[in-house]
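Hello,

Here is the structure I promised to pass on. My notes on it follow below.

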Amino acid sequence: MTIIDAHVHFSNIQSFIDTEHQSRVDYSGKGLRKEMDEGGVALCIGMGVTETEPEEFPDPLAVSPMMLDLEPEIPASLAVCPGINPYSLDQEGLDRLEKEIQKPAVAGIKIYLGYYPFYAYDSVYQPVYDLAAAYQTPVVFHTGDTYSERGLLKYAHPLTLDEVAVDRRDVNFMMAHLGDPWVLTGAEVVYKNPNMFADLSGWVVGTKADLDEKLAGDHFNHVRHALSFCDHYEKLLFGSDWPLVPIKDYAEFIGNLIPSRHHEHVFYENALRLFPKIKNMIQR
Ligand SMILES: [Zn+2]
């Protein structure tokens, strides 16, 4: 089966570089290429983020939009969602974002709820939604636990996405991580709102052994419940959050949680529907 990984990273962020010790991933363009070949991954979508100093993310000084800066060259078959720093979202920042959106490899926009202390429905983000609507570009929200203890969880709670989904029916959204650990709430917001999708990335940091151990125990009972409650497999997307886990191992792990009749949709078709521009980047 050919796979699209709808959530990876390719930025020079110290905490991602440090996960190499936990996930034993080669966090480089070469490493990504190798994992894509081994896992049958046709395309990855990278979430743009930058920090001006190591360990700074969420960085109030990062220039908006934040892009992929791990290496000077962006690997082939890696699309990008430019990241928004709400503190640098003046007119110049919006103009820069609009220029990026017009580029072929720019598939969506990423907003870092919880890392930056604004709710999804905050007025600071409305100009971003206006651009998203004008260019039919989806907006991805970080939701759930933050990968930094300086994050503020209330801004990343999936229930806070309901209001923006209702207010902006002219934009499609993707709730990253299905709001984990509040996945049942996340599932309800996806179930209720036709324009709310979710990715299933980032639930584990580690190796295949860590994934197997968590899958065998009761650690993922909340996810099993949420997926069956949601019952909208046409709006759930595979994503790994690489380099947090090896892509192929995480794909097998998600494959175990999703009924096989929905695999083609979750691992491939839904990404093409939500991110229409990536069609032109895939050689199948
Ligand atoms: Zn991520």
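Proline 65 sits in the loop between β2 (41-47) and β3 (78-81). Helices (H or I, at least four residues) and strands (E, at least two) are DSSP runs, numbered from the N terminus. The peptide bond from serine 64 to proline 65 is cis, with omega near 0°. Serine 77 is in the loop between β2 and β3 too. Its phi is positive, about 60°, although serine 77 is not a glycine. Serine 77 is buried, at 15% relative accessible area. Buried means under 20%, exposed over 50%, partly exposed in between (1.4 Å probe, protein chains only).

This is a predicted model: local features need pLDDT of at least 70, side-chain atom pairs count only at pLDDT 80 or more, and totals for chains, interfaces and linings use all residues. Residues are numbered from 1 along each chain as its sequence is written, and side-chain values use heavy atoms, with hydrogens and water left out.

A cis bond also joins aspartate 180 and proline 181, with omega about 10°. Proline 181 lies in the loop between β7 and α7. Aspartate 241 has a positive phi of about 70° and is not a glycine. It is found in the loop between β9 (236-237) and α10. Aspartate 241 is buried, with a relative accessible area of 6%. Most residues other than glycine have a negative phi, and most peptide bonds are trans.

Now the helices. In α7 (residues 183-192), Val183, Gly186, Ala187, Val189 and Val190 are buried. Seen down the axis, they fall within an arc of 160° (taken from the directions from the helix axis to the C-beta atoms), so they line one face of α7. They pack against α6 (161-167), β7 (173-176), β8 (196-199) and α9; contact means heavy atoms within 4.5 Å.

Helix α10 (residues 247-257) is mostly covered, with eight of its 11 residues buried. Among them are Tyr250, Phe253, Ile254 and Leu257. Tryptophan 203 touches these four residues, among others, not counting residues up to four places away in sequence. What covers the buried residues of α10 includes β1 (3-8), α3 (29-39) and α11 (263-274).

The largest nonpolar core has 102 residues. Such a core is a set of buried Ala, Val, Leu, Ile, Met, Phe, Trp, Tyr and Cys residues joined through side-chain atoms within 4.5 Å. Trp203, Phe253 and Ile254 are among the members that touch the most others.

Last, aspartate 167 is in helix α6. Aspartate 167 is exposed, at 53% relative accessible area.

Best wishes
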